[in-house]
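User: I'm new to this one. Can you put it up and walk me through it?
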Amino acid sequence: MDPKNQKILLIVIVIIVALVSVLAILGPMLLEALHIIPSSHQMGANVLVLGTPSVDVITTLSGREAVMKGISYPINLDPSYITLDTLKIYNVVILQGDPYFDMNTREMVNQYVQGGGKLIIVGDAGSKHPMYPNVAGWSWPSGQGIPVPAEIIGEWAGWSDISYGSTLRWADQNHPIVKGLKLTGSTTTTPTQVFKVTAQGKAIAAIDTDEGTLPAIIEGGSGLGNVIYFAYDPGQTPEILLTTVGYLAGI
Amino acid sequence: MLAILVLVVAAAVILAVGLFFMTGTQVQVSGGGSFNVTLTPNNQNTSSQPGIPIGNDSKTVIKVAVIGTPTENVIMTLSSGEAERRNISYPVTLDPTFVTLDILKEYDIVILQGDPYFDMNAREAVNGYVRDGGSLIIVGDAGSKHPSYSNVAGWSWPSGDGIPVPAQMVGELYGYIDYANGSDLRILRSAHPIIKGISLVGSGLSETSQVVKVISKGDTLVAIDTDEGTLPAIIEGSAGLGKVIYFAYDPGQTPEILLATVKYLTGV
(Lines give C-alpha, C1' and ligand atoms only; values in the text may rest on other atoms or scores of the structure.)
Protein backbone atom coordinates (compact mmCIF):
# COMPACT_ATOMS: atom_id res chain seq x y z
CA MET A 1 0.00 0.00 0.00
CA ASP A 2 1.14 3.53 -0.79
CA PRO A 3 2.65 5.00 2.45
CA LYS A 4 0.49 8.13 2.00
CA ASN A 5 -2.71 6.05 1.82
CA GLN A 6 -1.50 4.03 4.77
CA LYS A 7 -1.14 7.24 6.81
CA ILE A 8 -4.65 8.41 5.85
CA LEU A 9 -6.05 4.97 6.75
CA LEU A 10 -4.30 5.17 10.12
CA ILE A 11 -5.80 8.62 10.84
CA VAL A 12 -9.28 7.42 9.85
CA ILE A 13 -8.97 4.38 12.12
CA VAL A 14 -7.78 6.53 15.03
CA ILE A 15 -10.79 8.83 14.55
CA ILE A 16 -13.18 5.84 14.41
CA VAL A 17 -11.65 4.34 17.57
CA ALA A 18 -11.97 7.70 19.34
CA LEU A 19 -15.62 8.08 18.30
CA VAL A 20 -16.49 4.51 19.30
CA SER A 21 -14.77 5.03 22.67
CA VAL A 22 -16.74 8.20 23.36
CA LEU A 23 -19.97 6.49 22.30
CA ALA A 24 -19.23 3.45 24.45
CA ILE A 25 -18.66 5.65 27.50
CA LEU A 26 -21.35 8.29 26.98
CA GLY A 27 -23.94 6.15 25.18
CA PRO A 28 -25.34 4.37 28.24
CA MET A 29 -25.42 7.64 30.22
CA LEU A 30 -27.30 9.31 27.38
CA LEU A 31 -29.81 6.47 27.09
CA GLU A 32 -30.36 6.50 30.86
CA ALA A 33 -30.85 10.26 30.86
CA LEU A 34 -33.45 9.93 28.10
CA HIS A 35 -35.15 7.07 30.00
CA ILE A 36 -34.59 4.74 27.05
CA ILE A 37 -32.91 2.22 29.33
CA PRO A 38 -33.59 2.05 33.08
CA SER A 39 -31.13 3.74 35.40
CA SER A 40 -28.50 1.43 36.81
CA HIS A 41 -27.94 3.65 39.84
CA GLN A 42 -29.52 2.36 43.02
CA MET A 43 -31.37 5.30 44.55
CA GLY A 44 -31.46 5.48 48.31
CA ALA A 45 -30.59 7.37 51.47
CA ASN A 46 -28.75 6.30 54.61
CA VAL A 47 -30.24 8.08 57.60
CA LEU A 48 -28.66 8.51 61.04
CA VAL A 49 -30.35 9.91 64.14
CA LEU A 50 -28.14 11.56 66.78
CA GLY A 51 -30.04 11.47 70.06
CA THR A 52 -33.37 9.82 70.81
CA PRO A 53 -35.91 9.92 67.98
CA SER A 54 -39.62 9.99 68.81
CA VAL A 55 -41.62 6.82 68.27
CA ASP A 56 -43.39 8.48 65.31
CA VAL A 57 -40.06 9.29 63.63
CA ILE A 58 -38.86 5.69 64.09
CA THR A 59 -42.17 4.36 62.73
CA THR A 60 -42.01 6.67 59.69
CA LEU A 61 -38.35 6.01 58.84
CA SER A 62 -38.70 2.24 59.29
CA GLY A 63 -42.09 2.01 57.62
CA ARG A 64 -42.94 0.33 54.36
CA GLU A 65 -43.04 3.59 52.41
CA ALA A 66 -39.54 4.56 53.60
CA VAL A 67 -38.14 1.13 52.73
CA MET A 68 -39.74 1.19 49.26
CA LYS A 69 -38.25 4.66 48.72
CA GLY A 70 -34.78 3.29 49.53
CA ILE A 71 -34.48 5.00 52.91
CA SER A 72 -32.25 2.95 55.17
CA TYR A 73 -32.40 3.85 58.87
CA PRO A 74 -30.27 1.34 60.75
CA ILE A 75 -29.03 3.13 63.85
CA ASN A 76 -29.29 5.88 66.48
CA LEU A 77 -26.02 7.18 67.92
CA ASP A 78 -25.15 8.98 71.12
CA PRO A 79 -23.83 12.46 70.19
CA SER A 80 -20.86 12.00 72.56
CA TYR A 81 -19.16 9.37 70.42
CA ILE A 82 -19.44 10.52 66.85
CA THR A 83 -16.65 11.45 64.46
CA LEU A 84 -16.75 13.23 61.12
CA ASP A 85 -15.95 9.96 59.34
CA THR A 86 -18.96 8.32 60.98
CA LEU A 87 -21.26 11.16 59.93
CA LYS A 88 -19.97 11.06 56.35
CA ILE A 89 -21.33 7.52 55.92
CA TYR A 90 -24.86 8.94 56.05
CA ASN A 91 -26.74 10.98 53.45
CA VAL A 92 -29.03 12.60 55.99
CA VAL A 93 -28.34 13.18 59.71
CA ILE A 94 -31.23 13.97 62.07
CA LEU A 95 -30.71 15.59 65.48
CA GLN A 96 -33.61 14.88 67.80
CA GLY A 97 -34.31 14.29 71.47
CA ASP A 98 -30.92 15.21 72.98
CA PRO A 99 -30.20 18.91 73.66
CA TYR A 100 -26.72 18.26 75.07
CA PHE A 101 -23.95 18.42 72.43
CA ASP A 102 -20.33 19.06 73.42
CA MET A 103 -17.81 21.12 71.44
CA ASN A 104 -16.47 18.17 69.48
CA THR A 105 -19.92 17.01 68.38
CA ARG A 106 -21.02 20.54 67.41
CA GLU A 107 -17.92 21.04 65.29
CA MET A 108 -18.26 17.62 63.66
CA VAL A 109 -21.86 18.36 62.66
CA ASN A 110 -20.80 21.78 61.34
CA GLN A 111 -18.00 20.25 59.23
CA TYR A 112 -20.36 17.55 57.98
CA VAL A 113 -22.75 20.23 56.69
CA GLN A 114 -19.97 22.47 55.31
CA GLY A 115 -18.71 19.45 53.36
CA GLY A 116 -22.10 18.85 51.73
CA GLY A 117 -23.93 16.83 54.39
CA LYS A 118 -27.69 17.15 54.84
CA LEU A 119 -29.07 17.88 58.27
CA ILE A 120 -32.50 17.86 59.94
CA ILE A 121 -32.73 19.43 63.41
CA VAL A 122 -35.76 19.03 65.64
CA GLY A 123 -36.79 21.28 68.52
CA ASP A 124 -33.94 22.09 70.90
CA ALA A 125 -31.67 19.17 69.86
CA GLY A 126 -28.01 20.15 70.16
CA SER A 127 -28.73 23.58 71.64
CA LYS A 128 -27.15 23.05 75.08
CA HIS A 129 -23.85 21.83 76.49
CA PRO A 130 -23.63 18.84 78.86
CA MET A 131 -21.40 20.70 81.33
CA TYR A 132 -21.26 24.42 80.56
CA PRO A 133 -24.50 26.14 81.57
CA ASN A 134 -23.39 29.42 79.98
CA VAL A 135 -23.65 27.96 76.47
CA ALA A 136 -26.89 29.13 74.82
CA GLY A 137 -28.16 27.88 71.47
CA TRP A 138 -26.42 26.22 68.56
CA SER A 139 -23.73 28.73 67.52
CA TRP A 140 -21.16 28.02 70.26
CA PRO A 141 -18.15 27.62 69.91
CA SER A 142 -17.14 30.80 68.08
CA GLY A 143 -20.09 30.62 65.69
CA GLN A 144 -18.79 27.24 64.46
CA GLY A 145 -21.42 25.16 66.17
CA ILE A 146 -24.40 23.57 64.45
CA PRO A 147 -25.58 25.73 61.49
CA VAL A 148 -29.30 25.90 62.39
CA PRO A 149 -31.43 28.44 60.45
CA ALA A 150 -33.32 29.38 63.62
CA GLU A 151 -32.78 31.01 66.96
CA ILE A 152 -34.61 29.83 70.07
CA ILE A 153 -36.66 32.59 71.69
CA GLY A 154 -35.17 33.05 75.15
CA GLU A 155 -31.89 31.52 73.95
CA TRP A 156 -29.80 34.49 75.15
CA ALA A 157 -31.57 34.39 78.47
CA GLY A 158 -30.75 30.69 78.75
CA TRP A 159 -34.19 29.12 78.49
CA SER A 160 -36.32 27.36 75.86
CA ASP A 161 -39.86 28.57 75.30
CA ILE A 162 -42.49 26.01 74.32
CA SER A 163 -45.97 26.40 72.89
CA TYR A 164 -48.65 23.92 71.67
CA GLY A 165 -50.40 23.71 68.33
CA SER A 166 -51.49 21.55 65.43
CA THR A 167 -52.72 23.51 62.38
CA LEU A 168 -50.06 24.00 59.71
CA ARG A 169 -49.84 26.93 57.29
CA TRP A 170 -47.61 26.88 54.22
CA ALA A 171 -45.32 29.83 53.58
CA ASP A 172 -44.09 28.23 50.33
CA GLN A 173 -46.71 25.82 48.99
CA ASN A 174 -44.56 24.83 45.99
CA HIS A 175 -41.57 23.75 48.05
CA PRO A 176 -40.86 20.05 47.28
CA ILE A 177 -41.35 18.96 50.88
CA VAL A 178 -44.95 20.26 51.07
CA LYS A 179 -46.04 20.12 47.43
CA GLY A 180 -49.25 18.11 47.07
CA LEU A 181 -50.48 18.68 50.62
CA LYS A 182 -53.74 20.40 51.59
CA LEU A 183 -53.46 24.19 51.64
CA THR A 184 -56.01 24.48 54.40
CA GLY A 185 -56.71 21.86 56.99
CA SER A 186 -53.26 20.23 57.09
CA THR A 187 -52.43 19.37 60.69
CA THR A 188 -50.06 17.40 62.85
CA THR A 189 -51.40 14.01 63.97
CA THR A 190 -52.09 15.33 67.47
CA PRO A 191 -51.68 18.76 69.12
CA THR A 192 -47.98 18.93 69.69
CA GLN A 193 -45.17 20.78 71.45
CA VAL A 194 -43.71 23.60 69.34
CA PHE A 195 -40.40 25.27 70.17
CA LYS A 196 -40.70 29.04 69.83
CA VAL A 197 -37.99 30.19 67.42
CA THR A 198 -37.28 33.11 65.14
CA ALA A 199 -36.49 32.11 61.55
CA GLN A 200 -32.93 32.76 60.36
CA GLY A 201 -33.54 31.11 56.99
CA LYS A 202 -36.42 30.53 54.58
CA ALA A 203 -39.66 29.62 56.35
CA ILE A 204 -41.51 26.82 54.55
CA ALA A 205 -44.32 26.27 57.05
CA ALA A 206 -45.78 27.95 60.10
CA ILE A 207 -47.96 26.47 62.82
CA ASP A 208 -50.90 27.95 64.72
CA THR A 209 -50.32 27.63 68.45
CA ASP A 210 -51.94 28.82 71.66
CA GLU A 211 -49.43 31.68 71.55
CA GLY A 212 -49.95 32.74 67.94
CA THR A 213 -48.55 31.55 64.59
CA LEU A 214 -44.92 30.47 64.84
CA PRO A 215 -42.27 29.26 62.35
CA ALA A 216 -42.60 25.45 62.04
CA ILE A 217 -40.23 24.39 59.23
CA ILE A 218 -37.24 26.51 58.19
CA GLU A 219 -34.71 25.82 55.44
CA GLY A 220 -31.14 27.02 55.56
CA GLY A 221 -27.81 26.10 54.09
CA SER A 222 -24.20 26.39 55.10
CA GLY A 223 -21.21 25.66 52.90
CA LEU A 224 -22.28 22.91 50.51
CA GLY A 225 -24.95 21.38 52.73
CA ASN A 226 -28.64 21.89 53.37
CA VAL A 227 -30.24 22.18 56.78
CA ILE A 228 -33.95 21.92 57.60
CA TYR A 229 -35.21 22.86 61.05
CA PHE A 230 -38.46 21.48 62.52
CA ALA A 231 -39.89 23.34 65.53
CA TYR A 232 -42.14 20.31 66.24
CA ASP A 233 -41.67 16.52 66.12
CA PRO A 234 -41.65 15.70 62.36
CA GLY A 235 -43.00 12.24 63.18
CA GLN A 236 -46.30 14.11 63.65
CA THR A 237 -46.33 14.77 59.90
CA PRO A 238 -44.82 11.59 58.40
CA GLU A 239 -45.71 12.70 54.86
CA ILE A 240 -43.50 15.78 55.32
CA LEU A 241 -40.68 13.86 57.01
CA LEU A 242 -40.51 11.39 54.10
CA THR A 243 -40.45 14.12 51.45
CA THR A 244 -37.87 16.09 53.48
CA VAL A 245 -35.50 13.10 53.62
CA GLY A 246 -36.15 12.51 49.90
CA TYR A 247 -35.56 16.19 49.08
CA LEU A 248 -32.31 16.41 51.06
CA ALA A 249 -30.96 13.11 49.72
CA GLY A 250 -32.04 13.88 46.16
CA ILE A 251 -34.15 10.72 45.80
CA MET B 1 0.69 -2.59 9.69
CA LEU B 2 0.91 -4.16 13.13
CA ALA B 3 -0.24 -0.89 14.65
CA ILE B 4 -3.26 -0.79 12.32
CA LEU B 5 -4.14 -4.38 13.22
CA VAL B 6 -3.93 -3.58 16.94
CA LEU B 7 -6.15 -0.52 16.47
CA VAL B 8 -8.76 -2.52 14.52
CA VAL B 9 -8.86 -5.15 17.26
CA ALA B 10 -9.14 -2.42 19.92
CA ALA B 11 -12.01 -0.79 17.99
CA ALA B 12 -13.85 -4.11 17.74
CA VAL B 13 -13.45 -4.76 21.48
CA ILE B 14 -14.61 -1.26 22.42
CA LEU B 15 -17.57 -1.60 20.06
CA ALA B 16 -18.53 -4.91 21.64
CA VAL B 17 -18.22 -3.47 25.17
CA GLY B 18 -20.25 -0.43 24.12
CA LEU B 19 -23.01 -2.62 22.70
CA PHE B 20 -23.03 -4.67 25.87
CA PHE B 21 -23.60 -1.60 28.05
CA MET B 22 -26.02 0.11 25.72
CA THR B 23 -28.37 -2.78 25.12
CA GLY B 24 -28.00 -4.80 28.30
CA THR B 25 -27.58 -7.92 26.19
CA GLN B 26 -25.10 -10.74 26.36
CA VAL B 27 -22.34 -10.61 23.81
CA GLN B 28 -20.84 -13.91 22.79
CA VAL B 29 -17.55 -13.72 20.99
CA SER B 30 -16.55 -16.78 19.03
CA GLY B 31 -14.65 -17.85 15.96
CA GLY B 32 -10.94 -18.33 15.28
CA GLY B 33 -9.06 -15.26 14.15
CA SER B 34 -12.16 -13.22 13.28
CA PHE B 35 -14.84 -11.92 15.62
CA ASN B 36 -18.43 -13.07 15.27
CA VAL B 37 -20.65 -11.04 17.54
CA THR B 38 -23.96 -12.60 18.51
CA LEU B 39 -26.49 -10.63 20.52
CA THR B 40 -28.73 -12.67 22.80
CA PRO B 41 -31.50 -10.79 24.58
CA ASN B 42 -31.68 -11.38 28.34
CA ASN B 43 -35.44 -11.02 28.47
CA GLN B 44 -37.71 -12.56 25.93
CA ASN B 45 -40.56 -10.14 25.36
CA THR B 46 -43.58 -11.89 26.82
CA SER B 47 -45.98 -9.56 25.01
CA SER B 48 -44.94 -11.08 21.69
CA GLN B 49 -46.86 -14.29 22.38
CA PRO B 50 -49.35 -14.93 19.59
CA GLY B 51 -52.76 -13.47 20.28
CA ILE B 52 -56.17 -14.75 19.34
CA PRO B 53 -55.73 -15.62 15.70
CA ILE B 54 -59.15 -14.57 14.38
CA GLY B 55 -59.94 -11.29 12.71
CA ASN B 56 -56.58 -9.62 13.04
CA ASP B 57 -53.22 -10.28 11.47
CA SER B 58 -51.39 -8.36 14.15
CA LYS B 59 -49.28 -10.51 16.45
CA THR B 60 -49.07 -7.81 19.13
CA VAL B 61 -51.11 -8.32 22.27
CA ILE B 62 -52.05 -5.11 24.08
CA LYS B 63 -51.75 -5.88 27.78
CA VAL B 64 -53.98 -3.78 29.99
CA ALA B 65 -53.85 -3.64 33.80
CA VAL B 66 -56.35 -1.89 36.04
CA ILE B 67 -55.12 -0.66 39.43
CA GLY B 68 -58.09 -0.43 41.78
CA THR B 69 -61.62 -1.63 41.09
CA PRO B 70 -62.87 -1.18 37.52
CA THR B 71 -66.60 -0.70 36.93
CA GLU B 72 -68.67 -3.47 35.31
CA ASN B 73 -68.87 -1.36 32.14
CA VAL B 74 -65.07 -1.05 31.87
CA ILE B 75 -64.63 -4.80 32.44
CA MET B 76 -67.27 -5.57 29.79
CA THR B 77 -65.72 -3.16 27.28
CA LEU B 78 -62.18 -4.47 27.72
CA SER B 79 -63.31 -8.11 27.59
CA SER B 80 -65.74 -7.65 24.70
CA GLY B 81 -65.47 -9.24 21.26
CA GLU B 82 -64.34 -5.89 19.85
CA ALA B 83 -61.48 -5.75 22.33
CA GLU B 84 -60.53 -9.39 21.69
CA ARG B 85 -60.41 -8.91 17.93
CA ARG B 86 -58.07 -6.00 18.53
CA ASN B 87 -55.87 -8.30 20.65
CA ILE B 88 -56.56 -6.27 23.77
CA SER B 89 -55.75 -8.56 26.66
CA TYR B 90 -57.11 -7.48 30.03
CA PRO B 91 -55.80 -10.15 32.36
CA VAL B 92 -55.41 -8.47 35.67
CA THR B 93 -56.67 -6.06 38.29
CA LEU B 94 -53.96 -4.91 40.71
CA ASP B 95 -54.11 -3.62 44.27
CA PRO B 96 -52.24 -0.27 44.56
CA THR B 97 -50.54 -1.53 47.72
CA PHE B 98 -48.43 -4.01 45.78
CA VAL B 99 -47.62 -2.05 42.64
CA THR B 100 -43.99 -1.66 41.58
CA LEU B 101 -42.42 -0.11 38.49
CA ASP B 102 -41.29 -3.54 37.25
CA ILE B 103 -44.83 -4.91 37.46
CA LEU B 104 -46.29 -1.92 35.60
CA LYS B 105 -43.70 -2.16 32.83
CA GLU B 106 -45.20 -5.50 31.77
CA TYR B 107 -48.32 -3.67 30.60
CA ASP B 108 -48.92 -1.49 27.56
CA ILE B 109 -51.71 0.46 29.24
CA VAL B 110 -52.39 1.03 32.92
CA ILE B 111 -55.82 2.24 34.05
CA LEU B 112 -56.42 3.72 37.51
CA GLN B 113 -60.03 3.42 38.56
CA GLY B 114 -62.07 2.90 41.70
CA ASP B 115 -59.40 3.27 44.39
CA PRO B 116 -58.45 6.78 45.56
CA TYR B 117 -55.87 5.56 48.07
CA PHE B 118 -52.34 5.35 46.62
CA ASP B 119 -49.27 5.42 48.87
CA MET B 120 -45.93 7.01 47.99
CA ASN B 121 -44.53 3.89 46.37
CA ALA B 122 -47.57 3.36 44.11
CA ARG B 123 -47.60 7.06 43.12
CA GLU B 124 -43.89 7.06 42.26
CA ALA B 125 -44.17 3.73 40.42
CA VAL B 126 -46.98 5.11 38.21
CA ASN B 127 -44.98 8.31 37.65
CA GLY B 128 -41.88 6.32 36.65
CA TYR B 129 -43.97 4.09 34.36
CA VAL B 130 -45.35 7.10 32.46
CA ARG B 131 -42.03 8.94 32.30
CA ASP B 132 -40.39 5.85 30.83
CA GLY B 133 -42.97 5.80 28.04
CA GLY B 134 -45.96 4.02 29.57
CA SER B 135 -49.56 4.93 28.73
CA LEU B 136 -51.94 5.83 31.53
CA ILE B 137 -55.69 6.32 31.83
CA ILE B 138 -56.96 7.84 35.09
CA VAL B 139 -60.60 7.90 36.07
CA GLY B 140 -62.30 10.22 38.56
CA ASP B 141 -60.51 10.53 41.90
CA ALA B 142 -58.39 7.34 41.52
CA GLY B 143 -55.00 7.71 43.18
CA SER B 144 -55.72 11.17 44.61
CA LYS B 145 -55.51 10.32 48.32
CA HIS B 146 -53.12 8.59 50.69
CA PRO B 147 -54.21 5.58 52.78
CA SER B 148 -52.70 6.93 56.01
CA TYR B 149 -51.71 10.59 55.59
CA SER B 150 -54.74 12.85 55.66
CA ASN B 151 -52.74 15.98 54.75
CA VAL B 152 -52.07 14.62 51.25
CA ALA B 153 -54.39 16.22 48.68
CA GLY B 154 -54.52 15.31 45.00
CA TRP B 155 -52.09 13.50 42.75
CA SER B 156 -48.91 15.59 42.89
CA TRP B 157 -47.61 14.41 46.30
CA PRO B 158 -44.78 13.53 47.03
CA SER B 159 -42.80 16.60 45.98
CA GLY B 160 -44.66 16.91 42.68
CA ASP B 161 -43.40 13.42 41.69
CA GLY B 162 -46.77 11.75 42.17
CA ILE B 163 -49.16 10.65 39.43
CA PRO B 164 -48.84 13.00 36.42
CA VAL B 165 -52.55 13.76 35.90
CA PRO B 166 -53.39 16.66 33.54
CA ALA B 167 -56.14 17.84 35.91
CA GLN B 168 -56.60 19.31 39.34
CA MET B 169 -59.68 18.50 41.39
CA VAL B 170 -61.81 21.43 42.47
CA GLY B 171 -61.44 21.54 46.23
CA GLU B 172 -58.27 19.41 46.12
CA LEU B 173 -56.14 21.88 48.08
CA TYR B 174 -58.83 22.08 50.75
CA GLY B 175 -59.04 18.31 51.04
CA TYR B 176 -62.43 17.50 49.54
CA ILE B 177 -63.71 16.12 46.24
CA ASP B 178 -66.56 17.85 44.43
CA TYR B 179 -68.95 15.90 42.20
CA ALA B 180 -71.65 16.83 39.68
CA ASN B 181 -73.97 14.64 37.61
CA GLY B 182 -74.37 14.73 33.86
CA SER B 183 -74.57 12.82 30.61
CA ASP B 184 -74.41 15.05 27.49
CA LEU B 185 -70.96 15.24 25.93
CA ARG B 186 -69.60 18.23 24.06
CA ILE B 187 -66.76 17.43 21.70
CA LEU B 188 -64.10 20.13 21.72
CA ARG B 189 -61.53 18.43 19.50
CA SER B 190 -63.57 16.57 16.88
CA ALA B 191 -60.49 15.59 14.87
CA HIS B 192 -58.69 13.96 17.79
CA PRO B 193 -58.20 10.20 17.22
CA ILE B 194 -60.15 9.15 20.31
CA ILE B 195 -63.19 11.22 19.22
CA LYS B 196 -63.05 11.10 15.43
CA GLY B 197 -66.17 9.44 14.10
CA ILE B 198 -68.31 10.19 17.16
CA SER B 199 -71.48 12.22 16.59
CA LEU B 200 -70.86 15.87 17.30
CA VAL B 201 -74.39 16.53 18.52
CA GLY B 202 -76.22 14.11 20.78
CA SER B 203 -73.26 12.07 22.06
CA GLY B 204 -73.73 11.18 25.69
CA LEU B 205 -73.09 8.63 28.39
CA SER B 206 -75.22 5.50 28.49
CA GLU B 207 -76.81 6.87 31.68
CA THR B 208 -76.49 9.99 33.82
CA SER B 209 -73.28 9.60 35.81
CA GLN B 210 -71.17 11.12 38.51
CA VAL B 211 -68.55 13.55 37.15
CA VAL B 212 -65.57 14.64 39.26
CA LYS B 213 -65.21 18.43 39.04
CA VAL B 214 -61.71 19.25 37.83
CA ILE B 215 -59.74 22.11 36.35
CA SER B 216 -57.98 21.13 33.14
CA LYS B 217 -54.18 21.18 33.23
CA GLY B 218 -53.77 19.71 29.77
CA ASP B 219 -55.56 19.55 26.43
CA THR B 220 -59.32 19.28 27.01
CA LEU B 221 -60.76 16.99 24.32
CA VAL B 222 -64.34 16.61 25.56
CA ALA B 223 -66.56 18.47 28.04
CA ILE B 224 -69.74 17.27 29.73
CA ASP B 225 -72.96 19.10 30.60
CA THR B 226 -73.84 18.59 34.26
CA ASP B 227 -76.30 19.92 36.80
CA GLU B 228 -73.53 22.33 37.82
CA GLY B 229 -72.57 23.58 34.36
CA THR B 230 -70.26 22.31 31.63
CA LEU B 231 -67.13 20.66 33.02
CA PRO B 232 -63.97 19.10 31.51
CA ALA B 233 -64.65 15.41 30.82
CA ILE B 234 -61.61 14.04 28.95
CA ILE B 235 -58.19 15.69 29.21
CA GLU B 236 -54.97 14.67 27.48
CA GLY B 237 -51.54 15.28 28.96
CA SER B 238 -48.06 13.86 28.96
CA ALA B 239 -45.07 13.36 31.24
CA GLY B 240 -41.59 12.38 30.13
CA LEU B 241 -42.01 9.93 27.27
CA GLY B 242 -45.51 8.77 28.18
CA LYS B 243 -49.08 9.83 27.50
CA VAL B 244 -51.85 10.32 30.04
CA ILE B 245 -55.59 10.59 29.45
CA TYR B 246 -57.89 11.68 32.27
CA PHE B 247 -61.62 10.80 32.39
CA ALA B 248 -63.77 12.77 34.84
CA TYR B 249 -66.51 10.11 34.42
CA ASP B 250 -66.54 6.31 34.16
CA PRO B 251 -65.22 5.60 30.61
CA GLY B 252 -67.20 2.34 30.64
CA GLN B 253 -70.20 4.64 30.00
CA THR B 254 -68.71 5.42 26.56
CA PRO B 255 -67.16 2.11 25.44
CA GLU B 256 -66.56 3.43 21.90
CA ILE B 257 -64.35 6.21 23.31
CA LEU B 258 -62.59 3.84 25.73
CA LEU B 259 -61.68 1.44 22.91
CA ALA B 260 -60.50 4.31 20.68
CA THR B 261 -58.44 5.66 23.60
CA VAL B 262 -56.72 2.29 24.08
CA LYS B 263 -56.06 2.15 20.34
CA TYR B 264 -54.72 5.72 20.33
CA LEU B 265 -52.42 5.20 23.31
CA THR B 266 -50.90 2.01 21.97
CA GLY B 267 -50.82 3.12 18.35
CA VAL B 268 -52.34 -0.24 17.31
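Analyst: One term to begin with. A residue is buried if 20 or more other C-beta atoms lie within 10 Å of its own, exposed if 12 or fewer, and partly exposed in between, with C-beta atoms placed from the backbone. This is a predicted model, where local features need pLDDT of at least 70, side-chain atom pairs count only at pLDDT 80 or more, and totals for chains, interfaces and linings use all residues. Residues are numbered from 1 along each chain as its sequence is written, while chains are lettered from A and ligands numbered from 1 in the order in which they are written.

User: OK, chain B then. How much of chain B counts as buried?
Analyst: The figure is 43% of its 268 residues.

User: And how many helices and strands does chain B have?
Analyst: Chain B has six helices and 13 strands. Helices (H or I, at least four residues) and strands (E, at least two) are DSSP runs, numbered from the N terminus.

User: What share of the chain B contacts with a separation of 6 or more comes from residues 24 or more positions apart?
Analyst: That share is 68%. Two residues are in contact if their C-beta atoms, placed from the backbone, lie within 7 Å.

User: Let's switch to chain A. How do α2 and α6 pack?
Analyst: Helix α2 (residues 55-62) and helix α6 (residues 238-249) of chain A pack at about 55°, and their axes are 10 Å apart. Axes are lines fitted to C-alpha atoms, for helices over the stretch in contact, and angles run from 0 to 180 degrees between N-to-C directions. That angle makes α2(A) oblique to α6(A). The classes are roughly parallel under 35 degrees, roughly antiparallel over 145, roughly perpendicular from 65 to 115, and oblique for the rest.

User: Which residues make that contact?
Analyst: From α2(A) come A:Asp56, A:Val57 and A:Thr60, and from α6(A) come A:Pro238, A:Leu241 and A:Leu242. By type, the residues of this contact are four nonpolar, one polar and one charged. Ala, Val, Leu, Ile, Met, Phe, Trp, Tyr, Cys and Pro count as nonpolar, Asp, Glu, Lys and Arg as charged, and the others, Gly among them, as polar.

User: Is α6(A) mostly covered or mostly open?
Analyst: Mostly covered: twelve of its twelve residues are buried.

User: What about its length?
Analyst: The end C-alpha atoms of α6(A) are 16 Å apart, which agrees with the 16 Å that twelve residues should span at 1.5 Å a residue. The expected span is 1.5 Å times one less than the number of residues. Just after α6(A), A:Gly250 has a positive phi of about 70°.

User: Zoom in on A:Leu242. What does it touch?
Analyst: Setting aside neighbours within four places in sequence, A:Leu242 contacts A:Thr60, A:Glu65, A:Ala66, A:Lys69, B:Met120 and B:Pro158. A:Leu242 counts as buried because it has 24 C-beta neighbours inside 10 Å.

User: Where is B:Pro158?
Analyst: In the loop between β6 (135-139) and β7 (167-169) of chain B. The peptide bond into it from B:Trp157 is cis, with omega near 5°. In chain A, the bond from A:Trp140 to A:Pro141 is cis, with omega near 5°. A:Pro141 sits in the loop between β4 and β5 (150-152) of chain A.

User: What about the serines there?
Analyst: A:Ser142 is not a glycine, yet its phi is positive, about 55°. B:Ser159 is not a glycine either, and its phi is positive at about 55°. A:Ser142 counts as exposed because it has 8 C-beta neighbours inside 10 Å. B:Ser159 has 19 inside 10 Å, so it counts as partly exposed.

User: And B:Met120, which helix holds it?
Analyst: B:Met120 is among the buried residues of α5(B). That helix is mostly covered, with eleven of its twelve residues buried. B:Gly133 follows α5(B) and has a positive phi near 110°.

User: Last one. What do the buried residues of α5(A) pack against?
Analyst: They pack against α4 (84-88), β3 (92-96), β4 (118-122), β10 (212-222) and β11 (225-230) of chain A. Among those buried residues are A:Met108, A:Val109 and A:Tyr112. Just after α5(A), A:Gly116 takes a positive phi of about 110°.
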